[in-house]
Amino acid sequence: MVGASEVLEQAGAQVTRTTHGGRRRLALVPPRARSARPSTVSDDAGAAVAAAAPVGGESRTALVRRARRINRVLAERYPDAHCELDFTTPLELLVATVLSAQTTDVRVNSVTPRLFAKYRTAADFASGDREDLETILQPTGFFRAKTQSVIGLGQALCERFDGEVPNRLEDLVTLPGVGRKTANVVLGNAFGIPGITVDTHFGRLSRRFGWTVSEDPVQVEHEVGSLFEKRDWTMLSHRLIFHGRRTCHARKPACGACPVAKLCPAYGTGETDPEKARKLVKDVPPAQFDAPEGAGPEDVSPLGTLA
Ligand code: SF4
């Protein structure tokens with residue numbers, strides 16, 4: 001049987017395979033290394049965005065340069081930034097992302113091996129036994145609603161997309177339980193089409209960085225997208241989510257141990273003492289922790305000095 005990775009490779013995508021947590025991970029080579037594919041996300045974002053409004057008197061040029069420098073520094077801190085949901089096919093990623101609502105990726109990853117061993121196709125989900133699915137999904141919370149979602153998802157895929165996960169934003173968002181965030185996760189990570197995933201971490205950090213002042217996820221997506229090349233959108237999303245989960249927490253950001261402190265207008269929102277701050281950081285290996293900060297002396301003032 002031809003697997004998803006083979007199908008993608010036949011379609012021209014470059015695919016790498018790694019083992020992650022005992023499960024095979026299918027990862028597409030970042031779009032940077034490939035010829036650009038048409039992206040409805042990109043077109044959509046590009047059409048809707050004028051530009052992120054500069055804040056604090058910072059020029060547009062300075063804002064873009066600072067944003068891209070932050071992205072580079074975060075790339076050094078989190079060289080392994082990736083989608084933290086385990087999956088091997090677009091369908092698995094779509095289902096896992098739907099299941100991740102109101103719970104952690106770790107919790108989702110704890111149930112999906114059993115789920116995907118039993119439910120392999122959209123048709124399997126469409127005809128799924130409700131009681132069986134509820135039992136499997138119970139640890140993720142809201143399991144009755146999620147059971148309904150995955151059954152409805154399977155039915156919609158079978159009825160309208162021949163059982164295949166579509167690779168266009170406008171199609172994905174018509175599926176039950178699928179919004180722009182989920183759609184962009186699938187586009188960026190299963191199809192290699194650049195997408196910005198505005199979850200709670202991405203939104204919070206974008207505002208702390210002064211990239212936007214908006215609380216509206218769609219506006220955040222558009223404004224932040226306008227600061228970067230499309231090819232960088234997916235990895236930018238991973239890096240901000242990694243940074244939000246590990247260092248720039250909602251309540252206690254570890255500013256004193258933050259690699260982008262010199263570039264962040266919100267420095268001081270959290271603990272600035274280096275020793276205390278370092279204790280707040282989660283899951284960063286010492287080697288990454290001590291990586292060069294990437295910001296030189298010219299970056300001391302985060303606003304208006306980089307143009
Ligand atoms: S300096 Fe503080 S607020 Fe800014 S990104 Fe770092 S941890 Fe977050």
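1. Apart from neighbours within four places in sequence, Cys-258 is in contact (C-beta atoms, placed from the backbone, within 7 Å) with Thr-247, Cys-248 and Cys-264. This is a predicted model: local features need pLDDT of at least 70, side-chain atom pairs count only at pLDDT 80 or more, and totals for chains, interfaces and linings use all residues. Numbering runs from 1 along each chain as its sequence is written.

2. Cys-258 sits in the loop between helix 13 and helix 14; helices are DSSP runs (H or I, at least four residues), numbered from the N terminus. Why does Cys-258 count as buried? Because 26 other C-beta atoms lie within 10 Å, and the cut-off for buried is 20 or more, with C-beta atoms placed from the backbone.

3. Cys-255 belongs to the loop between helix 13 and helix 14 (274-280). Cys-255 is buried, with 23 other C-beta atoms within 10 Å. Leaving out neighbours within four places in sequence, its contacts include Tyr-267, Glu-271 and Ala-277.

4. The unreviewed UniProt entry lists Cys-248, Cys-255, Cys-258 and Cys-264 under "binding site"; such annotations may be inferred rather than shown by experiment. Although these positions spread over 17 residues of sequence, they cluster in space, with a largest C-alpha distance of 11.0 Å.

5. Which of the 14 residues around the ligand come nearest? They are Cys-248, Pro-253, Cys-255, Cys-258 and Cys-264, where a residue is near if its C-beta atom, placed from the backbone, lies within 6 Å.

6. Elsewhere, helix 11 (residues 200-208) has buried residues, among them Phe-202 and Leu-205. Their cover includes helix 12 (217-225) and helix 13 (233-246).

Note on methods. Buried ≥ 20, exposed ≤ 12 C-beta atoms within 10 Å, placed from the backbone. Helix = DSSP H or I, 4+ residues; strand = E, 2+ residues; numbered from the N terminus. Contact = placed C-beta atoms within 7 Å.
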